Each structure stands twice: as C-alpha cells, then as structure tokens.
Amino acid sequence: INAEYMGGRSSDSLVVVHVQPANMQNDEGKVVDLYIPRKCSATNKLITCKDHASIQLNVGLVDSQGRYSREYQTFALCGFIRSKGEGDACLNRLFHEKGLLSFSK
C-alpha cells in the first residue's frame, strides 16, 4: 500500500491510498499462489480449503464427429450440494445452461 499526503489545512487535508492487488507472481508473471480458492458452479459460493467433499469436473468437448477437441468446460461442486443429494440435478442444470445437454426427445 502506498499512501500520499496532499498538503493543506488540517480540516481539508486528503490522504490518497493506492492499493495494489495481492497476488504472488514470479519474474515471468505467472501466478504462484499456494492456494487459489474455487467457487461452486451451482451456488456461486467459495469452496473452502477444508471442504474435502467438493469436486471439480472437467467435461471434454467433442466435434461433430464425436472426437475430443482438446477443450473442456470446468465445473466445481461444493460438499454442501453433494451432501444434500442435489449434485446430479445441479449438474444437469449447469450442462443445459452451457448447451452441453438438451432435454428434447
């Protein structure tokens, strides 16, 4: 944090604070934080480091011929959703929103 004092009378003085983002980067600019928190795709809440029931699912995308295209969509579910037994319903909703699943016959 860098702070600058702008002079003047004490009643109208101003302090400007510059806050820099707190991320650890190496000399090449790559992020090297030890822990980067994830968000639950269903509830949009942070998944804590102690949530050992949470999962992250990478769903591979395929082309029109059914071959893997080396691309994927990532979904994360927190342990709370899984413990309630709502994981399957939430994944179906998320897949439908992303266009990976259709409910038409």
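The largest nonpolar core in this predicted model has 11 residues: Cys-40, Ile-47, Phe-75, Ala-76, Leu-77, Cys-78, Ile-81, Cys-90, Leu-91, Leu-94 and Phe-95. A nonpolar core here is a set of buried Ala, Val, Leu, Ile, Met, Phe, Trp, Tyr and Cys residues joined through side-chain atoms within 4.5 Å. Strand β6 and helix α2 (87–98) each supply at least two residues of this core, and α2 gives the most, with 4 residues. Helices (H or I, at least four residues) and strands (E, at least two) are DSSP runs, numbered from the N terminus.

You will find Cys-78 in the loop between β6 and α1 (79–83). Cys-78 counts as buried because its relative accessibility is 8%; buried means under 20% relative accessible area, exposed over 50%, and partly exposed in between (1.4 Å probe, protein chains only). From C-alpha to C-alpha, Cys-78 and Asn-44 are 9.4 Å apart in space, while 34 residues separate them in sequence.

The table gives contacts (heavy atoms within 4.5 Å), leaving aside residues up to four places away in sequence.

| Residue | Contacts |
|---|---|
| Cys-78 | Cys-40, Thr-43, Ile-47, Asp-51 and Ser-54 |
| Ile-81 | Cys-40, Ala-42, Thr-43, Glu-86, Gly-87 and Cys-90 |

A few notes on reading the model: residues are numbered from 1 along each chain as its sequence is written, and side-chain values use heavy atoms, with hydrogens and water left out. In this predicted model, local features need pLDDT of at least 70 and side-chain atom pairs count only at pLDDT 80 or more, whereas totals for chains, interfaces and linings use all residues.
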